[in-house]
Amino acid sequence: MPIEFQIPPEVERQAEQARAVAENVMRPKSRYYDEHEHERPWEFIHLMWPEMRERTRRELEASLRRAHPDTDGSDPGTGSEACAEKAKRPRTANMALIHLVEMLSWGDAGIYLCLPGPALAGAAIQAVGTPEQKERFLRRFTEGEPKWGAMAMTEPQAGSDTSAIQTTAVLDPETQEWVLNGQKIFCTNGKLAYQESDGLIVVWATVDRSAGRAGIKPFVVEAGTPGLQIVTEEKKLGIRASDTASFVLDNCRIPADNILGSPEVKGGREGFKGAMRTFDATRPIVAASAIGIGRAAFEFTRDTLAQEGIRMEYGRPRWKLSAPQVDLLEMEIQLRQAWLLTLKAAALLDAGEYNKLAASMAKVKAGKAVTWVTQKAVELLGPLGYTTQTLAEKWFRDAKINDIYEGTGQINTLIVARTILGYTRRELK
Ligand SMILES: Cc1cc2nc3c(=O)[nH]c(=O)nc-3n(C[C@H](O)[C@H](O)[C@H](O)COP(=O)(O)OP(=O)(O)OC[C@H]3O[C@@H](n4cnc5c(N)ncnc54)[C@H](O)[C@@H]3O)c2cc1C
């Protein structure tokens, strides 16, 4: 697929608006929320909610239109020609999202993670939910007060190896409800979704432990459902403004039709494999967040060194540059490489093309680049970088998560290797 490097004007406009929020609302509060870990940035949340609500509404309606192309009166033209025309129009939703996320993460990555909306839960519902489920679960994110969606996969014994999930889901034949039991850890926005808004959590549980991955299914637990209890709010190295919750499920009962996809163990595309595609959509977003943090650290270091007379010089041979100049160039190169991979992953998604390889490549590269770039920033800035006088040490701490969640660097490298070499999960692990 040819890649268009021209950023659509509407995406650029939106990135400019995000820059104003990042500069004026996020940066001034960066240190405060880092030091007040379990307080949430409500001024940012309320400011962003109308835009996030509208974004979810557009995505939901587009998705319902794709399911029922001839039944939505709000669509301009419903005949087959109009539908074919619409299918040809370039979509820019993912391109717009990565620009927004990069800019907000440049402002503050922890605060950005508090953006209200369905987030990862929405991606799972969009990937495998029926039109009725999309309407039932996602419509709430288009109205009323701020709400969050969260995704709970990780357990104490099941991180990278998701086939080890122990949480069970059993269908009660009398009440026709699923009964969930187990423990989930590290759930981003878990408390905001379940306890502080009318949101929801997509919980992954097994309907048949002996079936391994094939038995693992996503279930929607709506806010306030009895039987789910938040037990811990994590204290973290970085992204401290972000809510990271652990919870237990103790006979948590949910309606039979809150399972996403087929309950059949041999559920094919709608099963575990199908829902795993959510990561193809969300990994470029993590990559964009990583690049935003990296760019913050790079620009600050570049500008600080410039005040000391050390300026970036493009076009001169490396051997004529000083060591810090070479470092600055390398920081920029690493970030640009990661950004190009991220653009490609998002562009493929917008074009409706398969992007698994591009998504994992972008995630691996961006996770490693941001870790290296922020470490270099601390190093080049000396005492300024190592103390709380500046945000450099915070960016260094915020960076690492991008190489951990939504598949660690090692796991995404495995995915890249398997895809390129044509190995199965069993053959290369
Ligand atoms: C702040 C935060 C937020 C999170 N948010 C969420 C969330 O919203 N929802 C959710 O479900 N989870 C979430 N997670 C969990 C995250 O996805 C897991 O931490 C991650 O999948 C890694 O799992 P683990 O920590 O159990 O590490 P492990 O799987 O135990 O891995 C430990 C180390 O071994 C490496 N490793 C493991 N297997 C292999 C292999 N086959 N080959 C090579 N190396 C390997 C890993 O790369 C890692 O370096 C979050 C985590 C954090 C820290």
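Guide: Let's start with Asn402, which is buried, because 29 other C-beta atoms lie within 10 Å of its own. The cut-offs behind that word are simple: 20 or more other C-beta atoms within 10 Å means buried, 12 or fewer means exposed, and anything in between is partly exposed, with the C-beta atoms placed from the backbone.

Before going on, a word on what you're looking at. This is a predicted model, where local features need pLDDT of at least 70, side-chain atom pairs count only at pLDDT 80 or more, and totals for chains, interfaces and linings use all residues. Residue numbers run from 1 along each chain as its sequence is written. As for pLDDT, that's the predictor's confidence in each residue, from 0 to 100. The protein chain averages 92, and 92% of its residues reach 70 or more. Residues 72–89 are another matter: pLDDT is below 50 there, and the stretch has 8 contacts in the model beyond near neighbours in sequence.

Asn402 sits in the loop between α14 and α15. Those labels come from DSSP runs numbered from the N terminus: helices are H or I with at least four residues, strands are E with at least two. Leaving out neighbours within four places in sequence, Asn402 is in contact with Val286, Ser289, Ala290, Ala366, Gly367 and Val370. Contact here means C-beta atoms, placed from the backbone, within 7 Å of each other. Thr371 is 31 residues away from Asn402 in sequence, yet their C-alpha atoms are 8.4 Å apart.

With 7 of its 8 residues buried, α14 is largely enclosed by the rest of the structure. The buried ones are Ala392, Glu393, Lys394, Trp395, Phe396, Asp398 and Ala399. And what covers them? The cover includes α2, α5, α10 (278–307), α12 and α13 (383–386).

Of those covering helices, let's follow α12 (residues 356–381) for a bit. α12 has 26 residues and spans 37 Å from its first C-alpha to its last, close to the 38 Å expected at 1.5 Å a residue; that expected span is 1.5 Å times one less than the number of residues. Just past the end of α12, Gly382 takes a positive phi of about 60 degrees.

The assignment, automatic or from a database, gives domain 1 (9–116 + 133–142), domain 2 (149–265) and domain 3 (275–421). The centres of domain 1 and domain 3, taken over C-alpha atoms, are 23 Å apart. Where the two touch, domain 1 puts in 20 residues and domain 3 puts in 17. On the domain 1 side, α2 (30–35) and α5 (93–112) each supply at least two residues. The largest share of that side comes from α5, with 14 residues.

Around the ligand is a shell of residues, to which α15 (409–421), β1 (149–152) and β3 (177–188) each give at least two. Domain 2 and domain 3 each provide at least three residues of the shell. There are 20 residues around the ligand, and Met153, Gly159, Ser160, Thr188 and Thr408 come nearest; near means a C-beta atom, placed from the backbone, within 6 Å. By class, the shell has 11 nonpolar, 7 polar and 2 charged residues. Nonpolar covers Ala, Val, Leu, Ile, Met, Phe, Trp, Tyr, Cys and Pro, charged covers Asp, Glu, Lys and Arg, and the others, Gly among them, are polar.

One last stop: Met153 also touches Trp204, as do Ala152, Ile165, Ile216 and Pro218, not counting residues up to four places away in sequence. Trp204 belongs to strand β4 (residues 200–206) and is buried, with 24 other C-beta atoms within 10 Å. Between the C-alpha atoms of Trp204 and Trp395 there are 32 Å.
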